[in-house]
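Please look over the sequence and the model before reading on.

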Amino acid sequence: MEEIAAVPSARTVPRLTRRHLIAAAATAVLGAVGAFRGLRGSDEADEEGQPGAPGGPSLDFDETYRGRRIQGEPVTGDGAHGPEGWRVSVDGQPLGLMRRADGSYLSMVDHYQSYATPLAAARGAVDELGTHQTLSGRLH
Amino acid sequence: MYTRKNQSSLSRAERRRFVDAVLKIKRSGEYDEFVRTHIDYYVSDGEHRLRVAHMTPSFLPWHRRFLLDFERALRRVDQGVTVPYWDWTKDRTPASSLWGEDLMGGTGRRGDRRVTTGPFARGNGWVVKEGVTDGDFLTRALGRPGDPLKLPTRQDVAWATAETVYDVSPWDSTSSRGFRNRLEGWTSGVGSERWRNHNRVHRWVGGHMLGGASVNDPVFWLHHAFVDLLWTRWQRLRPDSAPYLPARPPELGDSQFERIVARRQPMPPWRTTPQDMLSHKGIYKYAE
């Protein structure tokens, strides 16, 4: 982890580097049990209705979708529901995600539509929020 | 003993008294306690903790108790009020009297989906306090105009009541058989076919009814009163079936150990058990 020791000033850190640091931190916590592999894998698994296999690739994300910034990363411990929790936000406000038994994800905005990945669930929440609503910051 | 009526059969005076009682407990703060309880007890079946309200065998008895508490609160305000039911197999359009200005009010406007008519419109004083979005107004999108879908049909209900077993392992949203999961409405389908019965009605109303804060929309109670009636009908139709399963708690080593409630175990936040909720005889009946 020598690259972490050599972090330049925050202003000059390119986003990719910052994301790698988050990924590295997550891997340090989770890598030992192999729970999260390939944090920066491809985006192919975001179609709804096709839950990813448990223990499969988990993708952190940070993108603008329909004008909203959606971010997500795997977390453990407090705030994680179940063994593979996620911290997801829309425009900086936390979006509660719940895991279903079939491996799919529901968001607190819509308890009835499940998605294969946290990214797809975040996009679905943005679709449901429309252009006028923002999250209150309340989880569940 | 009191009677829950079909909302379509209420007189003008009965509609007004129901709405007035709801508005009174909203003003006292009691209504928002019900909203919070429902939010707090929405536990999904991929979470490794006790779930009592959804994706679980106690979906029906938990909501029966929840409705009884709500109805008691209303009846403390007006002894003559009961919770009406909405038979969504019959009253199927936004033009139904259910959505009239003297009962639920209409759908939300385009754009922000704000309900602007009836007693539960923000402009008429109904303020959403316990929500997951920042808006303090009730939202709906009846029929999901952007991608229309229809309310569940009699055939959908029959698909659920055809089940002779109350519920089956793994006792969650993936249970492929059993009356409970088919009435709750989880399926492995895709597109708009994935939602059946109870779930599909939440989807059809849209807005607040989609999320954990669905109780903010008073139609929640009319919807769940009909779900409750369908449970009663199933029991009548299946006198030889066990009225609730599982009879005993899953054991250590079972994936559902300490995650679901057996017939004689308490359902938080109450000490009430599913056994206590198997019959409403002597408390209320349905006018059918």
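Two residues are in contact if their C-beta atoms, placed from the backbone, lie within 7 Å. Leaving aside its neighbours within four places in sequence, A:Ala121 is in contact with A:Leu97, A:Tyr105, A:Leu106, A:Ser107 and A:Tyr115.

The model is predicted, and in it local features need pLDDT of at least 70 and side-chain atom pairs count only at pLDDT 80 or more, while totals for chains, interfaces and linings use all residues. Residues are numbered from 1 along each chain as its sequence is written, and chains are lettered from A and ligands numbered from 1 in the order in which they are written.

**Sheets of chain A**

Helices (H or I, at least four residues) and strands (E, at least two) are DSSP runs numbered from the N terminus, and two strands pair if DSSP finds at least two bridges between them. One open sheet of chain A has four strands in the order β1-β2-β3-β4, paired antiparallel. Its edges are β1 (61-65) and β4 (93-95) of chain A, each of which has a single partner strand, so one side of each is left without a neighbour in the sheet. Angles run from 0 to 180 degrees between N-to-C directions, with axes as lines fitted to C-alpha atoms, for helices over the stretch in contact. With direction ignored, neighbouring strands of this sheet are turned by 25° against each other on average. Within the sheet, six bridges join β2 (residues 68-75) to β3 (residues 85-90) of chain A, and A:Gln71 has A:Ser89 in β3(A) as its bridge partner. Helix α3 (residues 118-129) of chain A lies across β1, β2, β3 and β4 of chain A and runs at about 150° to β2(A).

A three-stranded open sheet of chain A has the order β5-β6-β7, with antiparallel pairing. Here β5 (97-99) and β7 (110-115) of chain A are the edge strands, each pairing on one side only. α3(A) packs on this sheet, touching β5, β6 and β7 of chain A, and its direction makes about 140° with that of β7(A).

**Buried residues**

A residue is buried if 20 or more other C-beta atoms lie within 10 Å of its own, exposed if 12 or fewer, and partly exposed in between. A nonpolar core is a set of buried Ala, Val, Leu, Ile, Met, Phe, Trp, Tyr and Cys residues joined through C-beta atoms within 7 Å. The largest such core has 86 residues, of which A:Leu95, A:Ala121, A:Ala122 and A:Ala125 touch the most other members. With 10 residues, α7(B) gives the most to this core.

In helix α4 (residues 154-161) of chain B, the residues B:Asp156, B:Val157 and B:Ala160 are buried. They lie on the same side of α4(B), because they cover an arc of only 100° around the axis, the arc being that of the directions from the helix axis to the C-beta atoms. The face turned away from the buried side of α4(B) carries the exposed residues B:Arg154, B:Gln155 and B:Ala158.

**Backbone exceptions in chain B**

Most residues other than glycine have a negative phi, and most peptide bonds are trans. The table lists exceptions.

| Site | Feature | Value |
|---|---|---|
| B:Ser169 to B:Pro170 | cis peptide bond | omega near 10° |
| B:Leu245 to B:Pro246 | cis peptide bond | omega near 5° |
| B:Asn197 | positive phi | about 40° |
| B:Glu258 | positive phi | near 60° |

B:Asn197 is found in helix α6 of chain B and counts as buried, with 25 C-beta neighbours inside 10 Å. B:Glu258 is in the loop between α7 and β2 of chain B and counts as exposed, with 12 such neighbours.
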